[in-house]
Amino acid sequence: MWRPLSWILVALLALGLGEGPPPAPQGCRPYPKANYPQDSFGTPLKPGEVGGSSSPEGTPRLALDKGRAKMAVDHCALRMPEAGAPRFGQVGLAYPKMKRQNGRVVHFRLLPGDIQQPNGVVVGAFPEAHPADPLKGANAVALDNFDSLAGTFNLGFREGTRPTLLPQFQTPLDVYVLLREQGAVYLVDGLKGGYYAAPPSASVLGLDQTLSFGEFYPGAHSSSTLHAHRLEHFQVRDVAAWSRWYGTAHAADRLTGASTAELGQAEKGGRWQVRGNLKRGAQGTRADAKGGMALLDPGAPSGVLGLRVKTGARPQGVALIFRARSPRDYYAFVVSSEIAQAVRVRGTEAVPLQQTQAAEFLLRKNATHHLQVIDTGSQVGPFDKGGKIRLYLDGQLAFVLGDDPQSSPEFDNADAEAGGVGFEIGEGVAGGTVLSRFEAHPREVALPDELRLPEPFFEERGDVVVASDRFDGAAGPLEARRTPVGGLAWEKRSPPDPKASLTLLGNGQVQPAPLEGRGDYLLYGLRWPEGYRHFASLEATLTPPGQKGRYDREGNCTGYTQANREKRLRAGFFFWQDAEHYLIARAFMDDSQSNASEIEWQAPVGGTLDVIRRVNLGPRLCHGNPFHLRVSFDGDWAVAWVRAPGSPLEEPVQAFRWSDAFPQQPPLKIQMVGLVFSEEDSGTRLDSFTAWGSTRLR
């Protein structure tokens with residue numbers, strides 16, 4: 001979406017505020033010298049110069065550069081530009097070949113440019129330097145499209161992509177691929193308050209139990225056709241604390257041992273609590289014809305579980321047990337040669353929550369299978385990632401509990417913090433099924449020192465309230481009113497039409513007038529004090545126009561109706577330096593987005609006001625429902641947070657750098673901040689405005 005600068009340009013030219021020199025950019029931080037591949041992207045390279053170069057630390061770069069634009073290094077990051085088509089094999093960066101071993105971690109810090117499109121960016125360990133399909137047969141993590149709304153994580157797998165269905169917005173991430181003698185553990189961390197743990201912790205995403213290619217190329221591969229992805233750090237490290245075959249697991253056992261040995265002590269997680277006749281052997285653990293169960297209590301709930309199953313001519317059924325409080329109170333993923341089920345066991349009652357007899361989810365004769373569980377735990381608010389359990393057989397998603405209450409109404413997620421885990425072998429022909437490589441990983445782990453990067457300083461909110469206005473008092477014009485906190489005067493900057501204004505409603509809110517028929521963007525600003533020119537954080541509560549919608553159990557908004565079809569939200573904040581350099585962040589919702597909403601970022605590009613970034617928020621913004629918006633900007637980094645109606649969480653929903661969009665421009669010096677309502681906005685109400693500054697950034 002673009003538009004001529006029109007009255008915005010005229011109004012901002014009229015401000016006449018003086019410009020000072022921009023703050024000096026922070027220097028890039030190289031790694032200490034080490035005998036590991038590493039790249040801090042600290043030496044600028046022009047487009048096309050990445051191929052054949054080495055990192056500042058001396059690691060050679062193996063570049064694939066066939067995109068519409070060429071890769072470059074600027075502002076301490078690699079720019080992976082748009083590919084010519086939405087496919088891989090055009091833009092990639094690999095590093096020299098290495099050997100697989102337990103505890104070897106491939107670590108990338110990245111900022112996704114756009115993950116609302118198919119494919120995206122994939123990082124990890126690959127059997128080839130530049131694979132045509134970087135997820136097939138690779139230990140890798142992809143930031144990909146999630147139902148056209150936002151991003152998700154897909155994992156590399158033997159036959160190709162394995163979806164996690166875990167959500168992710170366009171915010172900075174550290175991705176860790178922990179390699180093992182067989183398979184890998186996948187971990188991420190991100191911004192504080194986001195879906196996943198923030199340093200010094202990381203969240204466990206998923207697990208591979210099958211791949212064992214002996215040599216690999218660390219790398220990153222992109223198929224983006226819209227915005228450049230940015231890589232900010234790369235390293236490979238050997239982590240002593242994760243050097244066992246099970247990596248980050250807090251409960252694990254190969255289940256092998258001397259023939260007919262008791263289970264006894266697990267390799268990790270304590271002593272097995274056993275019911276029935278289970279015996280170890282060279283290939284794994286077996287049961288007699290009556291079957292048997294074994295449980296461990298690692299002391300904390302598990303997020304990712306895995307189990308290898310080897311069947312004979314007459315397979316016994318098997319269950320992967322999780323959220324266990326006792327041998328009579330647990331959840332289980334049950335698979336046999338006749339049926340697959342998600343089961344809730346209480347006492348003597350086993351309630352099937354979901355089930356299928358589809359052949360791809362049944363045990364085959366004389367075959368090897370892998371069971372996995374991803375358990376996201378408790379749900380805090382309607383848009384938290386928790387509240388869902390995903391069950392996989394051989395990399396295929398069999399069941400999702402919590403995704404659709406109609407399909408499994410008995411699932412109430414009340415036992416999310418139960419910590420017991422284990423397995424069961426059903427009745428049948430003795431030795432018909434052999435189990436091995438049981439593992440259960442906590443939802444979060446502490447990052448070892450080997451993986452800790454120096455964290456870049458980013459001011460999230462600021463430490464001083466520069467201005468605050470609750471818009472109390474009688475109805476009337478906002479112009480010339482001074483903020484009760486800070487004493488800054490509201491100035492109308494656009495448009496010059498005196499009929500268009502921002503008015504106090506007399507109830508603690510402001511609203512544009514008239515509601516329809518305004519000719520241009522409506523901007524009201526506060527001149528930002530000289531002492532805070534390098535940072536501002538703006539927040540307010542916005543109420544979209546229209547008849548109030550209701551949120552259902554799945555978090556969907558019922559306000560997207562015919563009656564609200566013409567009720568449009570187009571409101572937010574602006575940060576201004578001069579007529580050619582400013583940033584607008586506005587919330588966006590109307591009938592063009594079915595059950596969805598957005599944050600849009602606009603800036604002048606070649607004489608027009610253009611959308612330079614956007615992120616889809618799903619139904620977080622809903623007609624008639626107040627939501628909280630906060631945007632922080634330090635002249636380079638811009639980050640938006642949203643607290644949706646009914647949610648206790650303030651989620652970071654998008655982050656990018658001014659230098660991502662405008663690499664040739666210096667950081668902005670903020671001279672004015674304020675409120676913006678597009679002419680298409682049909683009556684958004686705004687209250688509780690606060691503007692923060694920082695004494696730490698000068």
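At 9% relative accessibility, Arg 437 counts as buried, where buried means under 20% relative accessible area, exposed over 50% and partly exposed in between, with a 1.4 Å probe and protein chains only. Arg 437 sits in strand β30 (residues 433–442), strands being DSSP runs of E of at least two residues, numbered from the N terminus. Its phi is positive, at about 50°, although Arg 437 is not a glycine. The model is a predicted one, in which local features need pLDDT of at least 70 and side-chain atom pairs count only at pLDDT 80 or more, while totals for chains, interfaces and linings use all residues. Residues are numbered from 1 along each chain as its sequence is written, and side-chain values use heavy atoms, with hydrogens and water left out.

Phe 41 also has a positive phi, near 55°. Most residues other than glycine have a negative phi, and most peptide bonds are trans. Phe 41 belongs to the loop between β2 (38–39) and β3 (62–65), and it is buried, with a relative accessible area of 0%. As for cis peptide bonds, one runs from Pro 199 to Pro 200, with omega near 15°, and Pro 200 falls in the loop between β14 (184–190) and β15 (201–208). Another cis bond links Ala 513 to Pro 514, with omega near -5°; here Pro 514 is in the loop between β36 (510–513) and β37 (522–527).

Next comes an open sheet of seven strands, ordered β19-β20-β29-β22-β23-β24-β25 with antiparallel pairing, where two strands pair if DSSP finds at least two bridges between them. At its edges are β19 (273–279) and β25 (349–356), each pairing on one side only. Six bridges join β19 to β20 (residues 286–296) in the antiparallel sense, and Arg 275 has Met 293 of β20 as its bridge partner.

What about the nonpolar cores? Each is a set of buried Ala, Val, Leu, Ile, Met, Phe, Trp, Tyr and Cys residues joined through side-chain atoms within 4.5 Å. The largest has 96 residues, and Trp 601 and Phe 689 touch the most other members. Leaving aside neighbours within four places in sequence, Phe 689 is in contact (heavy atoms within 4.5 Å) with residues including Phe 471, Trp 490, Leu 526, Phe 573 and Leu 675.

Definitions and conventions:
Helix = DSSP H or I, 4+ residues; strand = E, 2+ residues; numbered from the N terminus.
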